[in-house]
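Open the model in your viewer and keep the selection panel at hand. The stops below go from the surface to the core and then to a loop.

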Amino acid sequence: ATQLWGRDDATRQTCRKHAVHYSAYSPLGGVTMHGTGHVLSDPTVKAVAKAHNRSAAQVALRWVLQRDVVAVTSSDKLSHISSDLAALE
């Protein structure tokens with residue numbers, strides 16, 4: 001199992017096997033086993049974001065969503081909410 005930035009592939013596979021929806025709570029910087037706060041400043045994430053004219057948050061959310069994981073984000077700032085939703089484009 002890989003546990004990078006709080007990722008737990010073994011649990012995700014078990015959920016898939018039993019038709020359980022896996023969700024990522026606070027995938028952009030929550031408290032996890034190995035922490036996810038640094039994902040937004042990761043050089044690879046930033047390079048992909050720049051190449052696609054997106055924010056690091058949009059790239060990270062898109063990566064989560066492309067793995068059929070439900071992303072649960074939270075913000076009280078409309079600009080952050082709008083930006084998060086743009087990851088779906």
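Start with helix α4 (residues 78-85), which gives the nonpolar patch its largest share, three residues. Helices here are DSSP runs of H or I with at least four residues, strands are runs of E with at least two, and both are numbered from the N terminus. Before going on, note that this is a predicted model, in which local features need pLDDT of at least 70, side-chain atom pairs count only at pLDDT 80 or more, and totals for chains, interfaces and linings use all residues. Residues are numbered from 1 along each chain as its sequence is written, and side-chain values use heavy atoms, with hydrogens and water left out.

Select Leu65, Leu78, Ile81, Leu85 and Leu88 to show the whole patch, about 480 Å² of nonpolar surface. Patch residues have over 30% relative accessible area and no salt bridge; nonpolar side chains (Val, Leu, Ile, Met, Phe, Trp, Tyr) are joined within 5 Å, like charges within 9 Å. A salt bridge puts a side-chain nitrogen of Lys or Arg within 4 Å of a carboxyl oxygen of Asp or Glu. Areas come from the Shrake-Rupley method with a 1.4 Å probe, and for residues only the protein chains shown count as cover.

The classes are buried (under 20%), exposed (over 50%) and partly exposed (in between).

Next, select helix α3 (residues 56-66), where Ala56, Ala57, Gln58, Val59, Ala60, Leu61 and Val64 are buried. Their cover includes β1 (23-25), α2, β2 (70-72) and α4.

Now show the largest nonpolar core, ten residues: Leu28, Val39, Val45, Ala49, Ala56, Ala57, Val59, Ala60, Leu61 and Ala87. Five of them come from α3, the largest share. Such a core joins buried Ala, Val, Leu, Ile, Met, Phe, Trp, Tyr and Cys residues through side-chain atoms within 4.5 Å. Beyond four places in sequence, Val59 is in contact (heavy atoms within 4.5 Å) with Val45, Val48, Ala49 and Arg54.

Move to helix α2 (residues 43-51), at whose start a side-chain oxygen of Asp42 comes within 2.9 Å of the backbone nitrogen of Thr44. After α2, Asn53 has a positive phi near 55°.

Finish at Ser55, in the loop between α2 and α3. Which residues beyond four places in sequence does Ser55 contact? They are Ala49 and Ser83. Ser55 is partly exposed, at 27%.

Note on methods:
A polar contact is a pair of N or O atoms within 3.5 Å; within protein, one must be able to donate a hydrogen and the other to accept it, and residues adjacent in sequence count only if both atoms are side-chain atoms. Buried means under 20% relative accessible area, exposed over 50%, partly exposed in between (1.4 Å probe, protein chains only).
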